[in-house]
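Please read the following report alongside the sequence and the coordinates.

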Amino acid sequence: MIEVQGLTKRYGATTAVDALSFEVRPGAVTGFLGPNGSGKSTTMRMVMGLDRPDTGWARISGRLYGELSWPLREVGALLEAHTFHPGRSARAHLAALAAGGGIPRARVDEVLGVVGLSDVAGRRAGTFSLGMAQRLGIAAALLGDPEVLLFDEPVNGLDPEGVRWIRELMRSLAAEGRTVLLSSHLIGEMALTADHLVVIGQGRLLADTSVRELTADGRSLEEAFFALTSGSAEYRGVTTQPVPDAHERSRGVTKPADTERNPR
Ligand SMILES: Nc1ncnc2c1ncn2[C@@H]1O[C@H](COP(=O)(O)OP(=O)(O)OP(=O)(O)O)[C@@H](O)[C@H]1O
Ligand SMILES: [Mg+2]
């Protein structure tokens with residue numbers, strides 16, 4: 001499970017993540033939705049220990065990222081701008097990660113197979129297309145067979161077959177009992193992939209609810225999303241929070257967070 005509690009991150013005058021609290025449970029795909037710049041990637045980076053929160057914390061299976069003994073075996077992530085050495089082959093890249101992460105070497109060819117890169121495993125990763133690079137990033141996330149997985153826009157650059165493949169991969173990882181947090185701008189795709197949703201706007205929690213509940217009134221997920229992010233939503237059972245106006249934000253004033261979760 002992933003727990004995020006009172007997480008806040010400021011970059012100068014910008015409050016990227018604002019007193020954000022939510023939990024991501026095992027056995028389901030949790031979609032992480034929000035407009036551009038709403039703080040999704042920043043939140044995921046803080047969960048992965050790549051950015052330091054100003055306040056609050058994020059825990060993976062009860063511990064901070066820095067407290068994990070074998071991080072790659074406990075949590076895997078595909079983050080935006082995932083980097084690998086362009087001169088290394090896909091196989092060499094994963095082998096180096098495995099060696100450093102206490103992961104058996106045999107796992108490398110296994111995950112190359114899972115992501116469909118076996119045939120190009122010896123090619124320099126720098127020559128990969130965007131979609132192939134995304135698949136390599138997913139292979140790296142899966143390498144340690146972790147219980148907890150975060151994917152930031154994994155569908156980016158994938159062809160229609162790849163999009164469907166991601167959907168099925170996410171669903172099967174959740175069906176195995178893993179904790180899966182997935183961000184995507186493709187809301188229609190999210191409606192097909194996610195069970196649960198965490199929606200944020202301007203770094204604050206707008207909704208923490210199931211896809212079913214959010215669309216219970218017959219609206220499409222896209223309509224519900226726009227209603228939520230434009231601040232006009234009133235959904236039964238949905239956790240809603242006021243989004244502070246731009247003036248308050250620029251002065252760094254934050255309202256107390258409503259951390260109460262939905263009754264489920
Ligand atoms: N390293 C940084 N330095 C300064 N500002 C940053 C930095 N990283 C993020 N921000 C700002 O924090 C806010 C949240 O950005 P973030 O990338 O987390 O949003 P996002 O929800 O992932 O957006 P997108 O949907 O476009 O990927 C934005 O205003 C962004 O400009
Ligand atoms: Mg992002």
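Which residues does I138 touch, not counting residues up to four places away in sequence? With contact taken as heavy atoms within 4.5 Å, I138 touches L78, V115, F151, P154, W165, I166 and L169.

This is a predicted model, in which local features need pLDDT of at least 70 and side-chain atom pairs count only at pLDDT 80 or more, while totals for chains, interfaces and linings use all residues. Residues are numbered from 1 along each chain as its sequence is written, ligands are numbered from 1 in the order in which they are written, and side-chain values use heavy atoms, with hydrogens and water left out.

A nonpolar core is a set of buried (under 20% relative accessible area, 1.4 Å probe, protein chains only) Ala, Val, Leu, Ile, Met, Phe, Trp, Tyr and Cys residues joined through side-chain atoms within 4.5 Å. The largest such core has 53 residues, of which I138, F151 and L197 touch the most other members. Helix α5 (residues 130–142; a DSSP run of H or I, at least four residues) gives this core its largest share, 8 residues. A second, separate core of 25 residues includes A16, M48, V148 and L205.

Around ligand 1 there are 15 residues, of which G37, K40, S41, T42 and H185 come nearest, a residue being near if one of its heavy atoms lies within 4 Å. The table gives polar contacts with the ligand, that is, pairs of N or O atoms within 3.5 Å.

| Residue (polar side-chain atom) | Ligand 1 atom | Distance |
|---|---|---|
| K40 | oxygen | 2.7 Å |
| H185 | oxygen | 2.8 Å |
| R45 | nitrogen | 3.4 Å |

The largest share of the shell around ligand 1, 4 residues, comes from α1.

Conventions:
A polar contact is a pair of N or O atoms within 3.5 Å; within protein, one must be able to donate a hydrogen and the other to accept it, and residues adjacent in sequence count only if both atoms are side-chain atoms. Helices (H or I, at least four residues) and strands (E, at least two) are DSSP runs, numbered from the N terminus. Buried means under 20% relative accessible area, exposed over 50%, partly exposed in between (1.4 Å probe, protein chains only).
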